[in-house]
Amino acid sequence: MKIKKIKLVWFSPTGTTKKVVEGIAAGLNGVPVERIDITNPDERGKMTELSATDLLIFGSPVYMGRIPALLNDWFNLLKGDKTPAICVVVYGNRVYDDALLELNNILLERGCVPVAAAAFIGEHSFSGQALHIAKGRPDNDDLKRAGLFGAVIEEKILSMSSAGKNPGLVLPGNFPYGGITDLWDVDFIEVDENCYHCGICSEVCPVGAISIKDSFKIDIKKCITCCACIKHCPREARKIKPGPVMEAAKRLHKLYMERKEPELFI
C-alpha cells in the first residue's frame, strides 16, 4: 500500500516527544506531512479524521506509567478508517510500564491499525542543573535511530496490501493497566525575583494553569507537573522548590543514571 500523507501528532510540553516523532517522520521519504500539536489546548478540542491512505504517527510522554488522561478528549474526537499508525511513547529513563500497550489499544479503538511502536527516552521533566535525569535525550544517536526506524516502517507499509491485514503488534505491558492517570496536586514551583512577567510560561503551559497577568499565580489543580514553564523560562526564574517533587527528582537522579536505549517494535 502507498501512503499519501503523514499525520504527525504529538503532546510534548518540553519538546522531547516532538523531536522523536519528527525524527521518525524524517525517515519516510517524499511523503507530505501534516503536523498537529495537541500540547496546545485548542488543538485537543478539534476533530481529526483519517483515511486508509494516511499514516498516523502519534507521540506522547509517559506520566506515571500511563498515557496522560488529559488526552482522552482528543482521542474521543479521533476517527480512523483502518489507518496505519505508529505508536510512540517517550519516558524519562525510568520505565514506560503499560503506556505503549495502552496507546496501541486506544488507537485500535479509534479505527487505527498500529503497524509499529517505539519507546524512546527523553530528558525527564524533573531534570535540572543539579539533578540530571537523562539529560539531553533524545540525543543525536536517538534521532538517528528514529530516522532509521521510519525507513524500516516505510518498507513494511509498502509491502502490505492494506493495514487492515496487519497481524497486530506484540507489546510489553499488562491489562488492566497499572500506574495512575491522576497526577499530583502539589505546590512545587518557586518563582524568584528574576521573573518579569513576560508571559512565556503561561503560553507554553499545556493546561492553562498559569495566570497570563501574574506568573506567580499557578493553579495546582490544573498543573500536571510537566515543568514546561521551568524549561522554557528565558531568565531561569522558575525552579522546583523543596518538597515531594524535588525528592522524586533526587530519587530518579540516583536510581536511573544508567543509559537506556530505545525499544522498537515492528
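Phe175 counts as exposed, with a relative accessibility of 64%, where exposed means over 50% relative accessible area, buried means under 20% and partly exposed lies in between, calculated with a 1.4 Å probe and the protein chains only. The model is a predicted one, in which local features need pLDDT of at least 70 and side-chain atom pairs count only at pLDDT 80 or more, whereas totals for chains, interfaces and linings use all residues. Residues are numbered from 1 along each chain as its sequence is written, and side-chain values use heavy atoms, with hydrogens and water left out.

The peptide bond that leads from Phe175 to Pro176 is cis, with omega near 0°, and Pro176 is placed in the loop between helix 4 and strand 8; helices (H or I, at least four residues) and strands (E, at least two) are DSSP runs, numbered from the N terminus. Most peptide bonds are trans, and most residues other than glycine have a negative phi. Met64, which is not a glycine, has a positive phi of about 55°, and its place is in the loop between strand 4 and helix 2 (72-76). Asp97, likewise a residue other than glycine, has a positive phi near 45° and lies in the loop between strand 6 and helix 3 (99-109). Met64 is partly exposed, with a relative accessible area of 28%, and Asp97 also counts as partly exposed, at 35% relative accessibility.

Aromatic rings were examined next. A pair of aromatic rings is described by the distance of the centres and the angle of the planes. Rings of Phe, Tyr and Trp (its six-membered ring) pair if their centres lie within 6.5 Å, and planes under 30 degrees apart count as stacked, over 60 as edge-to-face and the rest as tilted. By this rule the count comes to five aromatic pairs. One of them is formed by Trp74 and Phe75, whose centres are 5.7 Å apart with 65° between the planes, an edge-to-face arrangement. Because the rings of Phe175 and Tyr177 have their centres 5.1 Å apart and their planes at 80°, this pair is edge-to-face as well. Trp74 is buried, with a relative accessible area of 0%, and Phe75 counts as buried at 3% relative accessibility, whereas Tyr177 counts as partly exposed at 21%. Trp74 and Phe75 also belong, together with Phe58, to one aromatic cluster.

The protein as a whole has a secondary structure of seven helices and 10 strands. Within helix 1 (residues 16-26), the buried residues are Thr16, Thr17, Val20, Val21, Gly23, Ile24 and Ala25. These buried residues pack against strand 1 (5-10), strand 4 (54-61), strand 6 (83-91), strand 7 (112-121) and helix 4 (140-159). Helix 4 holds Arg145, a residue that counts as partly exposed at 32% relative accessibility. Leaving aside its neighbours within four places in sequence, Arg145 is in contact (heavy atoms within 4.5 Å) with Glu261, Pro262 and Leu264. The C-alpha atoms of Arg145 and Gly27 are separated by 9.4 Å, although these residues stand 118 residues apart along the chain. Val170, by contrast, is found in the loop between helix 4 and strand 8 (189-191), where it is exposed, with a relative accessible area of 76%. Val170 and Tyr196 are 26 residues apart in sequence, yet 50 Å apart in space, C-alpha to C-alpha.

Some overall values complete the description. The radius of gyration, taken over C-alpha atoms, is compared with a globule rule of 2.2 Å times the number of residues to the power 0.38. For 266 residues a compact globule would have a radius near 18 Å, and the protein has 19 Å, which agrees. Along the principal axes, the C-alpha atoms fill a box of roughly 60 × 40 × 35 Å. Of the 266 residues, 50% count as buried, and among contacts between residues at least 6 apart in sequence, 81% join residues at least 24 apart.
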